[in-house]
Amino acid sequence: MRELWIHAGMPKSGSSALQVFLAKNSEKLKAEDLDYIELSDINDAKNGQISSGNAALFARSLLNENHEAFYNDTDDLQSKLYLLISNSSSEKILLSSEFFAVVPPNKIEKLKNDLLKKNIVLKFIYYVRRQDQFLMSSYMQRVKRHGCTDYPEDYILSNYKNIHFLKYYGYANLYVDVLGRENLYAFIYESTNKHPKGLVGHFVEKILGFCPDWITVQKSVNTSPSPLEVKFILSSNSYNPRMMFTDFIIEDSILKGRSAEYINHNIVSNEVVREVINYFNEQNKKFCEEFTENDVFPEAEVRDFVNLKELIFSSEELMEIVAGLLVRYDKRLSRLESN
């Protein structure tokens, strides 16, 4: 039987880097018998930009109609999916979208049954991060893209018990009941750095059973601001900005060495980190025993806490951030005037 693989994220677990890799290398992967079909436009990802994968709209069409991200599938993407599968010469077809992580199990079950009628087996693959790390990354995204003005500890303490898929053991079993244990593949994101080809090598190897020699370690495409910049953006968010300027800040941050690609932020106290980890401890233990062959989440390290509420800019630090923004907008204005 042919296989349809759904990469379901999870959010903040390297999905953007994976989706850029898949889009850029779709022809090479097809030669390996893995078809990353173009169910949605993947040109942004081919150009190295953050995307939502090749199946974001399709995944959203499977959400409950009252979900804020629900997409009314007037384009009949499911029919398009079946046509693309029918026309593909590959035995393994791949869809990717973080939205699959929140598609209700009953919708996944219906998709599985529809596929079985066409002699196609459905497989689910995703990665999970230690919950405090997920929450910190999610917070950064809320600050960068959604105008969040909360300080990080306030955000985490008010949200960590309310995100259902962070209870990894219970979440996985919901989909095991639908797909069967043999069709669910869940892995710890942090452990993929042990693979010689990193996350993308780990991912492709789990689907194909081997890692092609041409694969190389990929850079992250979704970096985070430094603590100073987080506070700067928080202050700016109170004015409801158009969020493109945060990209400028982060690009300048990497250029000037204020932040690194894989920086480990310390803007949440060790006490809050321990509270979150302890809350999920039993879920994580069972999840690792049953789904990851006892691969475990990394231990929480003790870090020097930077309290954003008390963090003070020097005039030089503030000037450097503002100067970078002014120069960028000056160049953009020049391009507009020349047109």
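Modeller: A term to start: contact means heavy atoms within 4.5 Å. Helices (H or I, at least four residues) and strands (E, at least two) are DSSP runs, numbered from the N terminus. This is a predicted model, where local features need pLDDT of at least 70, side-chain atom pairs count only at pLDDT 80 or more, and totals for chains, interfaces and linings use all residues. Residues are numbered from 1 along each chain as its sequence is written, and side-chain values use heavy atoms, without hydrogens and water.

Colleague: Which residues of α7 and α11 meet?
Modeller: From α7, Tyr-139, Met-140 and Val-143. They meet Val-230, Ile-233, Leu-234 and Asn-237 of α11.

Colleague: How many of those are nonpolar, polar or charged?
Modeller: The contact has 6 nonpolar, 1 polar and no charged residues. Ala, Val, Leu, Ile, Met, Phe, Trp, Tyr, Cys and Pro count as nonpolar, Asp, Glu, Lys and Arg as charged, and the others, Gly among them, as polar.

Colleague: Now the sheet. What is the strand order?
Modeller: β2-β3-β1-β4-β5, in an open sheet of 5 strands with parallel pairing. Strands pair if DSSP finds at least two bridges between them.

Colleague: Why is one side of β2 and of β5 left without a neighbour?
Modeller: β2 (34-35) and β5 (184-188) are at the edges, and each has a single partner strand, so one side of each lacks a neighbour in the sheet.

Colleague: How many bridges link β1 and β4?
Modeller: 6, between residues 2-7 and residues 120-128. Trp-5 has Lys-123 in β4 as its bridge partner.

Colleague: Which strands does helix α5 touch?
Modeller: Helix α5 (residues 77-87) packs on the sheet and touches β1, β3 (92-96) and β4.

Terms used. Axes fitted to C-alpha atoms, helices over the stretch in contact; angles between N-to-C directions.
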